[in-house]
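Dear colleague,

Here is the structure for you to look over. My notes on it follow below.

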Amino acid sequence: MTNQPDPTSSAPLTSASAAVDASEQGGISKKGLSAGSVGLIGAIVIGISCIAPAYTLTAALGPTVSEVGVQVPAIILVGFIPMLLVALGYRELNKRMPDSGTSFTWATRAFGPWIGWMAGWGLVAATILVLSNLAGIAVDFLFLLISQVSGNPEIADIATNPFINVAVCLLFMLGATWISYRDMQTTQKLQYWLVGFQVAVLVTFSVAALVETANGNAFDATPIELSWFNPFAVDSFSAFAAGLSLSIFIFWGWDVTLTMNEETRGSDKTPGRAATITVVTIVVLYLLISVSLIAFAGVGTGEYGLGNEDIQDNVFFHLAGPILGPLAVLVSLAVLTSSASSLQSTFVSPARTLLAMGHYGALPEKFASVSPRFFTPGYATIVSAIVASVFYAVMRLLSENVLWDTITALGMMICFYYGITAFACVWFFRKVWWKSARNVIYTLLAPLIGGVILAVLFFTTLIDSMDPEYGSGSSVGGVGLVFVLGMVVLLGGVGVMLWQWRRRPAFFRGETLSRAVASE
Amino acid sequence: MNAGAPTTSAASGTDAAPRRIVVGYTANESGADALALATRLATASESQLDVVMVLPSEARSSTVPTDVGYERHLKARSRAWLAEASAGLDADIAQSLHVRYAESFAEGLIAAAHEFGASLIVVGAARGGLLGRSRIGSVANELLHSSDVPVALAPSGSRELAASAGVSRVTAALGSRPGAGVLLDAAVNLTKTLRAPLRLLSLVPIDLPSGMDEGLAELTGTAHADEVLAAAKRALPAGIETTAEVATGDTIEAAVRSLSWHEGEIVLVASSRLAMPSHLFLGSTASKMLRELPVPMIVVPRTTAGSRPGAGSHTGAGPRTTTGESTS
């Protein structure tokens with residue numbers, strides 16, 4: 001972390017720091033942090049695997065269609081803009097204050113402990129929401145896969161039984177926790193294959209949908225129009241905002257490629273290139289799939305229409321069969337592997353933030369513990385897993401459209417903490433805005449505009465989601481479930497924060513992590 | 001970071017350099033066992049301790065994005081762990097502390113041993129062993145299959161024995177197979193450095209091909225055992241206090257249990273014939289011994305003990321193809 005006393009400065013340990021540091025200078029491979037780091041292709045593969053396009057689209061396409069109809073491609077293109085702007089600010093912060101607490105640490109530095117604490121809470125809440133959603137999608141596809149392989153369509157319906165569903169989901173979570181706790185990594189080669197497979201299946205799926213449409217076998221053939229790419233064709237600003245906050249979710253995870261390898265020697269261009277190639281691949285894939293699926297199924301509310309509420313929370317699950325026939329099993333496999341590898345990379349993020357929060361005294365110290373054997377944030381990982389599991393179980397019983405509602409709430413949470421991060425960037429660098437043209441763009445304009453967009457999205461979604469008809473139409477006490485969910489998460493955060501303030505005042509007095517400003 | 005301090009390895013490689021022992025340290029009980037054993041050996045042999053923590057290298061990451069902030073945290077944490085470990089050590093012991101990055105713990109330790117010219121790697125062997133007995137953990141296992149430097153396995157509970165206890169006896173477990181010569185050399189070197197008495201232990205009676213007629217096995221076994229011990233004794237230089245024993249029992253486990261063990265004792269075994277020349281590989285006899293041994297075990301590669309890469313000379317054994325098991 002950035003500002004803790006060097007534990008090795010006491011007398012008998014000079015040799016330790018000497019040995020550690022000297023070896024990093026020596027240029028001998030495998031010793032230094034940066035030596036032997038992930039290369040360009042590795043970074044792209046990790047980036048795509050973190051975004052998990054197969055999982056993301058099956059979860060987000062339906063809800064997005066329900067908001068903006070055929071203008072999904074436009075929303076995908078526009079949704080990338082705030083993500084890019086904020087990611088640029090994120091990169092500046094990461095360069096200046098690399099810290100495993102990311103948003104939490106940076107917001108604390110810029111705005112003080114209270115806002116910092118809430119940013120950390122927002123990040124943890126968002127990742128925990130997505131963890132439960134990922135596991136939920138994986139459960140659906142597991143049963144679908146079994147039913148496809150065994151040729152018994154009834155098996156796929158078992159996933160709708162809430163108790164079996166929750167039980168299997170908890171098993172998934174247990175497995176992912178085990179893997180994350182032990183930091184088990186697949187070999188790079190296998191990971192390349194998995195990601196390659198995922199992309200190939202998605203392309204096949206899209207092409208098959210277009211071919212079927214051309215052959216007149218489409219469910220509801222919809223001629224492709226240029227207006228699909230026009231964001232101004234969306235009916236209302238509310239729909240536009242809701243669609244946008246969903247499309248932020250689909251690019252979420254991309255920022256990691258931008259910040260990976262920052263310190264890698266002699267590869268200044270690698271992170272930028274990796275991020276560019278990753279995002280181009282992803283955008284092309286998303287456009288291809290959304291266009292082809294809309295062309296094939298339309299946005300109506302018929303059996304396979306993308307407007308059909310019954311299929312919206314998991315569209316690939318319902319459309320793979322009609323489009324690919326026997327090959328639908330490939331889609332199940334792709335989504336399953338995609339969610340599985342994404343589960344692991346997603347686990348890392350709340351765990352590391354919780355670790356930083358424990359480290360700086362914003363949460364109990366236990367959260368800061370690192371497994372001495374596996375070098376992972378063990379306690380924080382397990383807590384994240386338990387919270388995500390409980391959350392999923394409760395949501396599954398509360399809502400008939402749990403996946404859909406979690407995705408919408410997730411978009412809101414991402415807007416919340418990402419927005420704070422963007423403003424933290426602007427504020428932290430306030431004294432150096434005008435030092436160079438580069439600073440004007442990267443520390444002022446980009447994060448400011450990005451932050452404002454996210455803030456608008458956050459508040460619009462929050463207000464609109466009070467409507468009980470919002471999203472999937474689930475409601476609690478006459479108020480939309482998404483709103484209730486968002487409020488419970490945020491107010492719960494405030495409650496826990498106040499509790500921690502009583503227990504651990506040092507952090508809230510700024511004693512462990514002080515406010516700072518970049519001055520050069 | 002990069003303080004331009006002198007490298008600690010600059011002094012190694014010269015004749016004046018002290019013997020060095022690499023400890024694979026982790027901040028848990030297994031690491032404490034390793035450190036305690038290494039300290040005991042270093043105290044007895046006046047060696048320098050190189051306490052090494054091996055962190056996972058970024059390059060092994062295939063699914064999880066790397067994070068500079070977290071890596072820094074890990075590094076700081078590891079240094080703090082090393083500092084705590086060092087604070088618990090006797091200040092008289094020459095020691096240096098290191099953080100290294102590698103794709104695996106074993107790989108990092110072997111690289112560190114080469115870098116420092118260390119003559120021994122010490123790791124905690126235990127992972128859920130029962131009653132103080134060792135079961136080989138995955139780390140120790142990997143090390144035993146790839147190291148060309150002798151490896152000492154500290155059974156769980158090693159940390160309860162004080163460093164000042166020294167080494168009360170060295171037991172060299174001899175099988176019938178080639179490799180004994182190397183083992184004897186290593187044992188002699190070790191007893192000299194540690195100033196400890198040597199016990200030659202013949203495992204011949206139980207180190208025979210399975211399925212052999214029992215009576216015959218006993219007969220040839222005992223005779224052969226005496227022969228091996230006699231030959232070993234002749235080969236020893238004068239001035240070493242030596243005793244000899246023949247292990248008996250139906251199984252290796254029973255044989256090990258029936259022997260008496262001193263508290264500060266260590267056992268030396270040779271690497272398996274299946275190992276590549278000058279690399280370690282624990283044979284099944286040694287594995288079974290390890291499970292029962294209440295004392296640390298050092299596994300010696302087939303070539304000269306402590307040989308460094310490139311310095312490896314002859315291979316002790318020809319390509320014999322007997323299928324029996326050996327100590328090694």
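A residue is taken as buried here if 20 or more other C-beta atoms lie within 10 Å of its own. Of the 25 residues of α4(A), 19 are buried, so the helix is largely enclosed by the rest of the structure.

Please keep in mind that this is a predicted model. For the complex, the predictor gives an ipTM of 0.80 and a pTM of 0.81.

Chain B has eight helices and 10 strands. Of its 328 residues, 54% are buried. When contacts in chain B between residues at least 6 apart in sequence are considered, 78% join residues at least 24 apart.

The mean pLDDT of chain B is 72, with 69% of its residues at 70 or more. Strand β1 of chain B (residues 20-24) has the highest confidence in the chain, at 92, while helix α6 of chain B (residues 214-235) has the lowest, at a mean of 67. Residues 128-134 of chain B have pLDDT below 50, and this stretch makes 22 contacts in the model beyond near neighbours in sequence. Over residues 304-328 of chain B the pLDDT also stays under 50, and the model has 69 contacts for them beyond four places in sequence.

Regards

Notes:
Residues numbered from 1 in each chain as written. Chains lettered and ligands numbered in written order. Predicted model: local features only at pLDDT ≥ 70, side-chain atom pairs only at ≥ 80, totals over all residues. Helix = DSSP H or I, 4+ residues; strand = E, 2+ residues; numbered from the N terminus. Buried ≥ 20, exposed ≤ 12 C-beta atoms within 10 Å, placed from the backbone. Contact = placed C-beta atoms within 7 Å. pLDDT = per-residue confidence, 0-100.
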